[in-house]
Amino acid sequence: MLDEQHARGAVTYLMEMGALKRSKRSGWWIAGVKDPETIAEHSFRTAIIGSVLAMLEGADPAKVALLCTFHDTQETRVGDIPWIGRRYLTAAKNEEVTADQVADAPPVVAAGIQAIVDEYENGDSLEVLVAHDADKLECMIQGLEYLEQGYRNAQEWVDSTRAKLKTPSAIALANAAQGMSSAEWQRTYLR
């Protein structure tokens, strides 16, 4: 049975994760995007993309979705540091931030979340490779959507994240996305 202290510890972690719904992905401000998506919105689509890529690459979709879901949870504490900012800042490792975040959670929860983050950060399995590609592909697709909205500076983000893709399926999806409108999905129903 879960004691009150551990229950409160788990709930404080869950409440902290709610901050991701309000925290913007600040790197897009560099590209001039006035109201970028939140970290939670990014993580949600990253998990969906990761599941699809996993199916295409023969990896475990549930594991990839889990890795993607937790990949930016540390940003409640350190913020969304854009790549250019990482040149000048030394942030704690994501594994260390996660350990602090789950310190009061039930040991089984703390160990489970820490294992997920450690695997994402340090693993070399197909699932980790796919999860990293999902993160980059989501950023590229988001950049394409911002380009449609008139944010021309998003092109550099599209190009740089696309260039980092490794799996054949992520590259194929990136190629397909570059020739599509973000409203393409609804054309099926408009025919």
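Q: By class, how many nonpolar, polar and charged residues has the lining of the second largest pocket?
A: Ala, Val, Leu, Ile, Met, Phe, Trp, Tyr, Cys and Pro count as nonpolar, Asp, Glu, Lys and Arg as charged, and the others, Gly among them, as polar. A pocket is an open set of points on a 1 Å grid over the protein atoms alone, where a 1.4 Å probe fits, with protein on both sides within 12 Å along at least five of seven lines; lining residues have an atom within 4 Å of a point. By class, this lining has 10 nonpolar, three polar and four charged residues.

Q: What kind of model is this, and where does numbering start?
A: The model is predicted: local features need pLDDT of at least 70 and side-chain atom pairs pLDDT 80 or more, while totals for chains, interfaces and linings use all residues. Side-chain values use heavy atoms, without hydrogens or water, and along each chain, as its sequence is written, residues are numbered from 1.

Q: Which element gives the largest share of the lining of the second largest pocket?
A: This pocket has 17 lining residues; Arg45, Ile141, Glu145, Ala177 and Met180 lie nearest its centre. Two or more residues each come from α3, α8 and α10 (helices are DSSP runs of H or I, at least four residues, numbered from the N terminus). The largest share, five residues, is that of α8.

Q: What volume has the largest pocket?
A: Its lining has 37 residues, with Ile81, Pro82, Trp83, Arg86 and Asp135 nearest the centre. Helices α2, α5, α6, α7, α8 and α9 each give two or more of them. A volume is the space filled by probe spheres set on the grid points, which are joined across faces, edges and corners. Here that comes to about 1,000 Å³.

Q: Is Thr46 buried or exposed?
A: Thr46 lies in helix α3. Beyond four places in sequence, Thr46 is in contact (heavy atoms within 4.5 Å) with Cys68, His71, Ala134, Asp135 and Glu138. Buried means under 20% relative accessible area, exposed over 50%, partly exposed in between, with a 1.4 Å probe and protein chains only. Thr46 has 0% relative accessibility, so Thr46 counts as buried.
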